[in-house]
Amino acid sequence: MPPSLPWCCAPGAYARRSPARRWADDEAGRRTVRALREAGVLGSFPTTLDYPTPYELVISDAQGNRTYFWRKDDAVLATLDAADLSPVRDASMLYVDWYDGHRIERAMDEAARYHVPVFLNVEHAHDEPPI
């Protein structure tokens with residue numbers, strides 16, 4: 001299974017995806033869907049040509065210092081506007097990244113509605129007013 005897949009993908013798990021969320025129809029997206037199916041994750045995995053598969057490469061040393069390179073497409077983030085937020089209701093925590101901008105607000109509002117704690121990853125944003 002590619003390291004980019006969630007650790008929680010156990011056989012018999014069910015992948016719930018909003019109709020607004022689709023896997024990219026490129027080589028990386030097809031590999032990801034294939035790995036999910038091979039791992040026994042149930043559900044449908046519709047694809048789209050509207051955006052490429054996002055990726056992140058993290059480089060770290062033994063002391064825990066890290067840097068990363070990533071490809072993020074605004075079209076992928078835009079899918080958050082219509083994403084199914086029902087899993088947030090029963091979550092033990094919601095993790096969001098500050099650099100995803102206003103797209104995280106809807107999920108944070110849902111977490112607040114159901115008293116789900118939010119871990120807001122600000123990294124170095126405290127140096128970038130206003131936050």
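Is Phe45 buried or exposed? At 7% relative accessibility, Phe45 counts as buried, since the cut-off for that label is under 20%. Do keep in mind as you read on that this is a predicted model.

**The chain as a whole**

Let us step back for the overall picture. The protein chain holds 3 helices and 6 strands, and from the N terminus its elements follow the order β-α-β-β-β-α-β-α-β. It has 131 residues, of which 28% count as buried. Its accessible surface comes to about 9100 Å², with 55% of that belonging to carbon and sulfur atoms. If we take the contacts between residues at least 6 apart in sequence, 58% join residues at least 24 apart.

**Aromatic pairs**

A search of the whole structure turns up 3 aromatic pairs. One of them brings us back to Phe45: the ring centres of Trp23 and Phe45 are 6.1 Å apart and the planes stand at 55°, so this pair is tilted. Trp23 belongs to strand 1 (residues 23-24), while Phe45 sits in the loop between helix 1 (27-38) and strand 2 (47-48), so the pair ties together parts 22 residues apart in sequence.

Another pair is formed by Tyr95 and Phe119, whose ring centres are 5.5 Å apart with planes at 10°, so the pair is stacked. Here Tyr95 comes from strand 5 and Phe119 from strand 6, so the link spans parts that are 24 residues apart in sequence.

| Residue | Relative accessible area | Class |
|---|---|---|
| Tyr95 | 43% | partly exposed |
| Phe119 | 42% | partly exposed |

**Helix 3 and its neighbours**

Which residues of helix 3 are buried? In this helix, which covers residues 105-113, they are Ala107, Glu110 and Ala111. Viewed down the axis of helix 3, the buried residues fall within an arc of 100°, so they line one face.

What does the buried face meet? The buried residues of helix 3 pack against strand 5 (94-97) and strand 6 (118-121). On the other side of the helix, Ala112 and Arg113 are exposed. Just after helix 3 comes His115, with a positive phi of about 60°.

Technical notes
Residues numbered from 1 in each chain as written. Predicted model: local features only at pLDDT ≥ 70, side-chain atom pairs only at ≥ 80, totals over all residues. Heavy atoms only, no water. Buried < 20%, exposed > 50% of the residue type's maximum accessible area, 1.4 Å probe, protein only. Helix = DSSP H or I, 4+ residues; strand = E, 2+ residues; numbered from the N terminus. Arc of directions from axis to C-beta. Contact = heavy atoms within 4.5 Å. Phe/Tyr/Trp six-rings, centres within 6.5 Å; stacked < 30°, edge-to-face > 60°. Areas by Shrake-Rupley, 256 points an atom, 1.4 Å probe, with all protein chains shown as cover.
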